[in-house]
Amino acid sequence: MMADKMHLLSIMALPFLLAVTLHEAGHAFAANALGDSTAKSQGRLSLNPLVHVDKVGTVIIPLVAVLASLPFLIGYAKPVPIQPRYFKNTRRDMVIVALAGPFGNLVVAFFCAYVLRFSIGFGATGADWITNTMYYGIFMNCLFMVFNLLPIPPLDGGGVVEQFLPHEAAKSYRSIAPYGFFILMGIIILAKEIILVPTFFMTDLVVSLVGVPV
């Protein structure tokens with residue numbers, strides 16, 4: 001049983017690291033392009049996973065998720081610091097920065113799909129590490145995209161919704177953030193289909209668009 005979990009972890013580790021790294025890097029690059037150089041000044045404008053790793057969110061929580069046999073891997077990297085006062089159009093630019101993270105995950109999903117397609121073309125089978133790892137990379141990044149687009153503060157989806165609300169309503173909506181973790185745990189435990197159904201849809205869509213043999 002433990003050996004199976006360790007094998008699963010070896011397949012999950014690289015896709016998970018890519019997912020959390022490119023997600024936060026997406027926020028950093030978007031914010032920098034829109035005038036906020038805070039992430040750059042703190043060394044976060046990088047594709048190096050080490051600058052985005054959070055000991056709890058990137059190491060401990062994923063390990064617990066695997067050992068607890070949760071339906072999917074959960075975790076996070078260090079949030080990228082954003083200073084909206086540097087943006088020219090705050091609401092618009094906050095939406096762009098929020099969506100840049102999930103978009104980064106979509107880019108990685110397509111990258112993994114192309115690696116998978118070429119690997120199969122060169123003779124890799126379903127039993128090979130590269131095949132399993134790249135397929136999980138597609139799934140993991142689609143999962144992160146869907147998960148982070150949920151309209152629950154402090155997720156990116158919550159950040160997008162907030163920008164379309166009047167000031168007082170946005171303030172009240174933002175006050176949910178401290179309870180967001182518990183709301184998400186409730187969804188994962190009691191209604192995981194809310195996350196898994198669109199995730200499987202996006203995974204199949206990416207695989208189909210890239211032309212990965214199935």
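The model is predicted.

**Stop one: D93**

Select residues 90–121. This is helix α4, and D93 is found in it. Now show the side chain of D93. Is D93 buried or exposed? D93 is buried. Its relative accessible area is 0%, and buried means under 20%.

A polar contact joins the side chains of R92 and D93, at 2.8 Å. Draw that distance in the viewer.

Next, look beyond the close sequence neighbours. Which residues touch D93 once those within four places in sequence are set aside? Select L34, F87 and K88: D93 is in contact with each of these.

**Stop two: the aromatic rings**

Widen the view to the whole structure. A search there finds 5 aromatic pairs. One of them is formed by Y136 and F139. Select both rings. A pair of aromatic rings is described by the distance of the centres and the angle of the planes. Here the centres lie 5.7 Å apart and the planes make an angle of 50°.

Now display helix α5, residues 129–148. Y136 and F139 both sit in this helix, 3 residues apart, so about one helical turn separates them.

Colour by accessibility. Y136 has a relative accessible area of 12% and is buried. F139 is also buried, with 8% relative accessibility.

Together with Y136 and F139, F200 forms one aromatic cluster.

Key. Residues numbered from 1 in each chain as written. Predicted model: local features only at pLDDT ≥ 70, side-chain atom pairs only at ≥ 80, totals over all residues. Heavy atoms only, no water. Helix = DSSP H or I, 4+ residues; strand = E, 2+ residues; numbered from the N terminus. Buried < 20%, exposed > 50% of the residue type's maximum accessible area, 1.4 Å probe, protein only. Polar contact = N/O pair within 3.5 Å; in protein donor to acceptor, adjacent residues only side chain to side chain. Contact = heavy atoms within 4.5 Å. Phe/Tyr/Trp six-rings, centres within 6.5 Å; stacked < 30°, edge-to-face > 60°.
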